[in-house]
Structures are given as structure tokens and as C-alpha cells.
Amino acid sequence: MSSTENAGTPSQLPQPESTGSEAVTPDAGTPAAATPGDAALADPAAGTAEQPPAEPAAEPPAAAEKPAAEEPAALEAPAGDVPAAEPAAPQPSPVPSPPAAPVSDPAQWGRVDADGTVYVRTADGERAVGSWQAGEPAAGLAHYARRYDDLATEVGLLEARLRAHTGNPTEIKAKAQALAESIPTATAVGDLDGLAARARAMVGTADSAAAESRAEKAAQRAAQVARKEALAAEAEQIAAESTSWKAAGDRLKAIVEEWKTIRGIDRKTDEALWSRFAAARDAFGRRRGAHFAALDAQRGEARAAKQELIAEAQRLSTSTDWGATSAAMRTLMDRWKAVPRTGRDGDDDLWKQFRAAQDVFFSARAESDKTRNAEQLANQQAKEQLLAEAEKLDPSGDLRGAQNLLRKLQERYDAIGHVPRGAMRQLEDRMQAVEQKIRGAADNSRPRVAPENPMVTSMRQAVTKAEEQLAKAEAAGNARRIEEARANLATRREWLAEAEKSARR
């Protein structure tokens with residue numbers, strides 16, 4: 001066998017059947033080995049990097065996904081009783097890149113003999129893996145070392161996926177088993193024994209990795225179940241307690257959207273949780289509907305009550321019994337304030353009707369007051385004129401004539417109607433002053449009689465009483481009492497005589 005080669009057309013030797021080796025030339029050549037960077041993008045065993053299967057989303061039943069009816073916007077309060085949304089579901093880890101294969105000296109694991117046969121050293125000794133007739137022996141070793149690197153990259157990728165739990169452990173185990181069986185006879189130069197041991201180690205740890213993967217998935221499912229249970233419990237609390245209708249309705253809608261993002265739960269559990277949520281949302285909708293129905297009924301009753309008050313105010317608006325009707329209007333106002341509101345727009349319209357009826361009455365009363373005030377001012381002027389005449393009377397010249405004229409003036413004065421309240425006292429005081437002046441003149445015209453001395457008056461009364469006692473004693477015929485009565489009468493008469501003397505002095 002010649003080892004010479006012509007430039008550009010090297011000869012290709014047949015592969016020995018006994019060793020399973022192959023001859024390689026640059027033209028016929030083996031495909032270039034992938035670099036570690038290329039291997040990270042593709043799985044040599046599967047053709048493409050395997051992605052973890054996407055778990056089907058447990059979608060809520062379509063019929064139950066209709067959100068609750070929106071309540072009127074005017075009824076909303078600010079909301080404060082709905083908790084914040086849960087964080088988003090954790091995303092699966094990406095497929096990890098395998099570690100770069102260590103660069104080793106292929107001469108440590110193989111050689112090329114003089115006839116171009118390539119050998120690899122293993123624990124069982126040397127084994128021919130092929131023939132190199134394309135150039136320098138070092139190039140041949142490098143060529144077969146690249147094949148080893150391909151295998152090492154594949155093993156490293158499987159190890160990385162197994163550690164990260166990103167693939168199907170059963171498939172990884174099967175691939176590792178196939179590698180463990182094929183690596184010892186591979187046409188490559190490198191640490192085939194160590195690489196095969198790594199593949200066999202994956203076979204041994206695949207089951208535990210599968211268990212860990214199942215545990216992780218179970219934990220993830222439990223976390224997702226817990227999130228939906230928390231959302232269902234929150235919805236149940238809203239359904240039972242919340243009265244912030246707008247904010248609570250918005251929160252239930254947000255829960256539906258958040259619910260759709262939570263995946264990885266088995267259908268039976270997901271449907272049970274959704275049934276809880278849907279039941280809570282329906283209960284909230286019924287309670288909210290009942291609230292607004294009761295509110296509508298209450299508003300209807302309030303509207304009817306206010307319409308009755310409007311009708312009553314309209315009946316009273318034409319009354320001219322100003323005092324009694326004013327009191328009745330004030331009572332209607334108090335009753336109006338006690339009736340609940342019927343809503344902003346409706347209540348404003350009713351209030352305008354009620355106020356219009358009151359304005360009719362109070363405008364008429366104001367007009368009547370204006371007319372009455374004008375009449376009272378005219379009455380005040382008339383009385384002031386009569387008082388001016390009365391104040392000119394002079395009783396010193398003709399007392400009787402002054403008295404007669406005053407009497408006529410008083411009759412005319414009394415015949416005049418009401419005057420303003422503020423002027424009433426002043427007018428009455430002036431009339432009393434005229435009356436006192438005429439009365440004083442009449443008293444001064446009578447003859448003066450000196451008043452009797454009080455002592456004399458008392459003595460006369462005592463004498464009169466003694467005379468009565470004497471008469472009673474004489475009528476009874478009692479001599480002793482007659483004698484005592486005569487002596488008492490004599491004494492009283494003497495005292496009277498002394499008192500009269502003193503009074504004359």
C-alpha cells in the first residue's frame with residue numbers, strides 16, 4: 001500500500017473489514033466535525049435541540065366565562081376592599097447549553113502508524129479506528145479527535161438537560177444508553193472509556209432525575225393550584241361581603257384574566273376550582289342585582305312620596321290664609337328633607353316642581369305683604385294727623401269742649417286699621433299723653449276737700465261699734481252687759497271729742 005499522494009487527488013485506501021476502520025481523504029473526506037458552539041444549537045442524536053413539551057392550558061368552560069353585568073356608573077364608590085392581583089405564573093426554564101468540551105491532546109489517546117492506520121488507546125488496549133492517507137499523522141489524529149468531540153458534546157448536552165430537568169428523562173436515558181453502547185466502538189480518538197462511563201452514569205441517574213423532575217412539576221402544579229384556590233377564595237369573599245359594587249366587579253374581571261395565565265393544572269382540579277369561582281361570581285351578581293333592585297324600589301317609593309308632597313304644595317300655592325299656609329309649607333319642607341333621594345337627575349326635577357309650587361305661594365304672600373304694608377303706612381299717616389289735632393286741644397279754656405272733641409278724635413282714631421308694628425307703640429303713647437292732659441285738667445277743676453284725720457275716722461268707727469254693742473245688750477236685757485256697754489260708749493265718745501279738737505287745731 002503506497003502512502004504517497006498526488007496534490008489535490010490523494011488515493012483512498014479501502015477500510016479494513018476486520019477493524020471496522022475507514023480510510024479518509026480530503027476529497028472523499030468525512031464531513032467536518034461540528035464545533036462545541038454549533039453543538040449547543042443542535043442535538044446530534046435527535047437532529048434538533050429538544051424543547052420541553054408545552055403543557056395544555058386548562059381553559060375555563062366557555063359558558064361560565066361571561067363576566068357579571070356592569071352596575072350603573074353613578075353608583076360607584078371607590079373601592080378599597082379588593083386585594084391586588086397575584087404574580088404571574090413562573091415560566092419553564094430554557095434548554096441549557098452544554099459545557100464546552102475540554103480540548104485535549106489527541107496524541108495522548110491515539111496514534112497513526114507508518115501505513116496510515118489510526119489507533120485509539122482504551123483500557124482494553126489499542127484498537128484501529130480508521131486509515132489516514134491525506135497528510136500528516138497529526139492531521140489524522142485531529143480529524144478523529146473532532147469525532148470524539150462530537151460525541152463528547154452530545155454527552156454533555158444530555159447531561160445538561162438531565163441536570164436542568166428540561167427534557168423527557170426516559171428519552172434522555174434511552175439516548176444515554178445508546179451512547180454508552182456505541183462509544184466503546186466509535187471511530188474516534190479520545191477518552192472513550194471516560195466518555196462511555198459518563199453515558200452509563202446518566203443511565204444510572206436518569207431515574208432519580210425523573211423523580212426530581214416529577215417532584216418539581218408536582219410542586220409547580222401545587223403552586224398553580226394554590227394560586228387559583230386563592231383567587232377562588234378571594235372571589236368567594238367578594239361575593240359574601242363586598243358592597244363596593246364597581247370596584248368588586250372590576251376585580252372579578254381581573255381575576256378572570258389572571259386565571260387564564262395560570263396553567264399546568266389537571267383538568268379535573270381546574271374545572272372544580274373554576275366552578276367555585278363561577279359560583280362566587282354568580283352569587284355576587286345576584287347580590288348586586290338584588291341591591292340595585294331594592295334601591296330602585298326605594299327610589300320608586302321616594303319618588304311617589306315626593307310627588308305627593310308636590311301635589312299638596314300645588315294645592316296650597318293658591319291659598320290666601322297666609323299664616324296657616326306658611327306653617328303648612330314649612331311642614332312640607334321638613335317632610336321633603338326626610339324622604340330619601342331618588343337619584344341626581346330625577347331628584348333635581350322633582351325639587352324644581354316642589355320649589356315652584358312654594359314660590360307661587362310665597363310670591364303671592366310677598367305681594368300681599370307689600371299691599372298690606374302700603375295700607376298700614378296710610379293708616380299710620382291718618383292716625384298721626386288725628387294725633388296732631390288732639391295734641392292741639394287746650395282744656396284750660398273750655399274743658400268740656402276739649403273732652404267732647406277728644407272723644408270724637410278717639411273714635412276716628414280707633415276706626416283706622418292696623419299700622420306698622422314698629423310705629424304702633426309710639427302712636428299709642430302720644431294718644432295716652434293727650435288723654436292724661438285732659439284728665440288732669442278735669443281733676444284740677446273740682447273743689448278740693450281736706451281729707452279727714454285718720455284718728456278722728458277711727459274714733460268715729462269705735463263709737464259706732466260701742467253703740468251697736470249697747471243696743472245688743474239692751475235687747476238681751478242683761479243689766480251687767482248694759483252697764484259695761486254704756487261705760488265703754490262714754491269713753492269712746494270722750495276720745496272722739498279729743499280727736500276732733502286736735503284735728504281742728
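Reply: Fine. One definition to start with: axes are lines fitted to C-alpha atoms, for helices over the stretch in contact, and angles run from 0 to 180 degrees between N-to-C directions. Keep in mind that this is a predicted model.

Me: OK. At what angle do α8 and α9 pack, and how far apart are their axes?

Reply: Helix α8 covers residues 344-391 and helix α9 residues 399-415; they pack at about 170°, with the axes 10 Å apart.

Me: Which residues make the contact?

Reply: From α8, K383, L386, L387, E389 and A390; from α9, L406, L409, R412 and Y413.

Me: And by class, how many are nonpolar, polar and charged?

Reply: The contact of α8 with α9 has 6 nonpolar and 3 charged residues, and no polar ones.

Me: Staying on α8 for a moment: is Q380 buried or exposed?

Reply: Q380, which sits in helix α8, is buried: its relative accessibility is 15%, and the cut-off for buried is under 20%.

Me: What does Q380 touch?

Reply: Leaving out residues up to four places away in sequence, Q380 touches V419, P420, A423 and L427.

Me: New topic, α5 and α6. How do their axes cross?

Reply: Helix α5 (residues 245-261) and helix α6 (residues 267-316) cross at roughly 160°, and their axes come within 11 Å. That makes α5 roughly antiparallel to α6.

Me: Left-handed or right-handed crossing?

Reply: α5 passes α6 in a left-handed crossing.

Me: Which residues meet there?

Reply: On the α5 side, W245, A248, G249, L252, I255, V256 and W259. On the α6 side they meet D270, L273, W274, F277, R281, F284, R287, R288, H291 and F292.

Me: What is the breakdown by class?

Reply: In the contact of α5 with α6 there are 11 nonpolar, 2 polar and 4 charged residues.

Me: Now the whole protein. How many helices and strands?

Reply: There are 12 helices and 4 strands.

Me: What share of the residues is buried, and what is the accessible surface?

Reply: Of 505 residues, 33% count as buried. The accessible surface is about 29900 Å², with 53% of that belonging to carbon and sulfur atoms.

Me: And what share of the contacts joins residues at least 24 apart?

Reply: 72%, taken among contacts between residues at least 6 apart in sequence.

Definitions and conventions: Residues are numbered from 1 along each chain as its sequence is written. This is a predicted model: local features need pLDDT of at least 70, side-chain atom pairs count only at pLDDT 80 or more; totals for chains, interfaces and linings use all residues. Side-chain values use heavy atoms; hydrogens and water are left out. Helices (H or I, at least four residues) and strands (E, at least two) are DSSP runs, numbered from the N terminus. Contact means heavy atoms within 4.5 Å. Ala, Val, Leu, Ile, Met, Phe, Trp, Tyr, Cys and Pro count as nonpolar, Asp, Glu, Lys and Arg as charged, and the others, Gly among them, as polar. Angles under 35 degrees count as roughly parallel, over 145 as roughly antiparallel, 65 to 115 as roughly perpendicular and the rest as oblique. A crossing is left-handed if the near helix is turned anticlockwise from the far one by less than a right angle, and right-handed if clockwise. Buried means under 20% relative accessible area, exposed over 50%, partly exposed in between (1.4 Å probe, protein chains only). Accessible areas come from the Shrake-Rupley method with a 1.4 Å probe; for residues, only the protein chains shown count as cover.
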